[in-house]
Amino acid sequence: MLKHLLVLLVVLMAAINAEAQQSSKDAPVTPTKPALVYVVPIKGPIMDKGLAYFIRHSVEQAKEEKASLIIFEIDTPGGAVGGGEEYTIGICNSIDRASPITTVAYITHWAWSAGSLISISTDKIVMKQVASIGSAEVVGGEEQHREKYTSAIRTEFKARAEKKGYPANLVMAMVDKDLEVHEVLVDGARQFLTPQEIQEARNNGKLVEEIKLIIASGKLLNLSAGDALKYGLASAIKDERAEIPPLVGITNFTFKEITPTWSEHLVMYLTSPAVSGILILAGLIAAGMAFKAPGTGLLEAVAVICFGLVFFGSYLVGLAEVTEILIFVLGVGLLAVELFLLPGFGVFGIAGVVLIFVSLILSMQSFTIPDVQTAPWQWNILKSNFIVVGLSFSLAVIVFIILIRYLPSVPFFSHLILSADVKASAGFSSVAMDAAPLLGKKGVVFTALRPVGKIIIFDAGGNQTGQTIEAVTEGDFINKGEAVVIIEIDGSRIVVEKAKV
């Protein structure tokens, strides 16, 4: 009986298993969702902060959408190594932050100079047959500091190559033309060593067999796709983008090509040195005219918009922070105190101008004090920013003086600049008059002349007439309440000086 029961149990289990297998065959198959592959272009010269912002934003977007792979399509002659390394290193750091997403540099033509540093920051390098990589000689900075520049960039190349498993000496030879590199077998393992390293290996008892000279001293290394593949720098040569995902185990995928949005184009535009300088210049002129003729609101709005765009663009690319904005606001506040509360151009005014100047420079760079040892290019960036801001301040002063001198004689602008009358409610009235009879008359300053303001005219008996006119001083600023005398009349422009006691 027991034997029969066991046979029956085996038959039942076989039947159940067969039914389950049939059910699984009949069930609908759910298709696997394609892996998302981002394609981010890095093309043309790498010269500004805007590209670094675009790469950073693209990586952040890829992580949010859980992409499986980011392909950076690279075709650049470089342009930043030796003069604007900060932008290139910013791009490399953004690529680092893409982890755990796999990153691939797909070199379609050139990856020279800064492009080679960006390439070795990725997990794999794939090249088209016609592509090349290398030629990253430092070209920025004074000749006496060239070795310091080269050393810093060479260290950056070495660190990134070692992190990603690329031949360190090969990538350093792209930067340092004094580096000689040989292909050798060390105890049967292929390596790329300098003459000094070869000698050290032999001194340590290792068997070193020299195969060939890769690059002689005095030349920069530039590798074709074939050589890069042969020396282990490139993982593959592929002329079609669709052949890249399978190299990292992705067979079912969809591409998402990323291009700069209008906002990213705007950031690239706003952060260019020329546009930043123009915005600062326009903001300073508008602010100066607003201090001279307050009340309309138009000039104040122009100043706020100009400076707002400067800080907005720098904030988006990660340069300006709240600190720089607060320093700027504090500077404006100190300047306002000097102009409106404490007559005379003294400590508050100078401190305000200095703070505004410093805040604008800091908003254009990622550091406060240049690190001349490990990042010597920062000194060049500081000098460049100082020139942009300093030139803007200088031109603003010149343009402001010209505007004060000539615009009052232009009908439209004379109304804008010289029309702020004192209202009757304040005890005065502004009377239209022929300015010629005023020559030689005395008055008292009603609003400080910096260099333009308002004065109240005295009559022959030395009493205030209640008439206020706008005047300009060509000498020292004259504070409220001081006596003045009209010394020159040029159209609607009335020039005064301090009255002699």
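Me: What does contact mean here, and which residues does Ser363 touch?
Reply: Contact means heavy atoms within 4.5 Å. Not counting residues up to four places away in sequence, Ser363 touches Val310, Phe311, Ser314, Leu319, Ala320 and Glu324. This is a predicted model: local features need pLDDT of at least 70, side-chain atom pairs count only at pLDDT 80 or more, and totals for chains, interfaces and linings use all residues. Residues are numbered from 1 along each chain as its sequence is written, and side-chain values use heavy atoms, without hydrogens and water.

Me: Why is Ser363 called buried?
Reply: Buried means under 20% relative accessible area, exposed over 50%, partly exposed in between (1.4 Å probe, protein chains only). Ser363 has 0%, so Ser363 is buried.

Me: Where does Ser363 lie?
Reply: Ser363 lies in the loop between α13 (347–362) and α14 (377–406). Helices (H or I, at least four residues) and strands (E, at least two) are DSSP runs, numbered from the N terminus.

Me: What makes a nonpolar core?
Reply: Buried Ala, Val, Leu, Ile, Met, Phe, Trp, Tyr and Cys residues, joined through side-chain atoms within 4.5 Å. The largest one has 98 residues; Ile125, Ile133, Leu233 and Leu360 touch the most other members. Its largest share, ten residues, comes from α14. A second, separate core of twelve residues includes Val445, Leu449, Ile455 and Ile486.

Me: How do you know that β6 pairs with β7?
Reply: Two strands pair if DSSP finds at least two bridges between them. Five bridges join β6 (residues 181–186) to β7 (residues 189–193), so the strands pair; they run antiparallel. Leu185 stands opposite Arg190 in β7.
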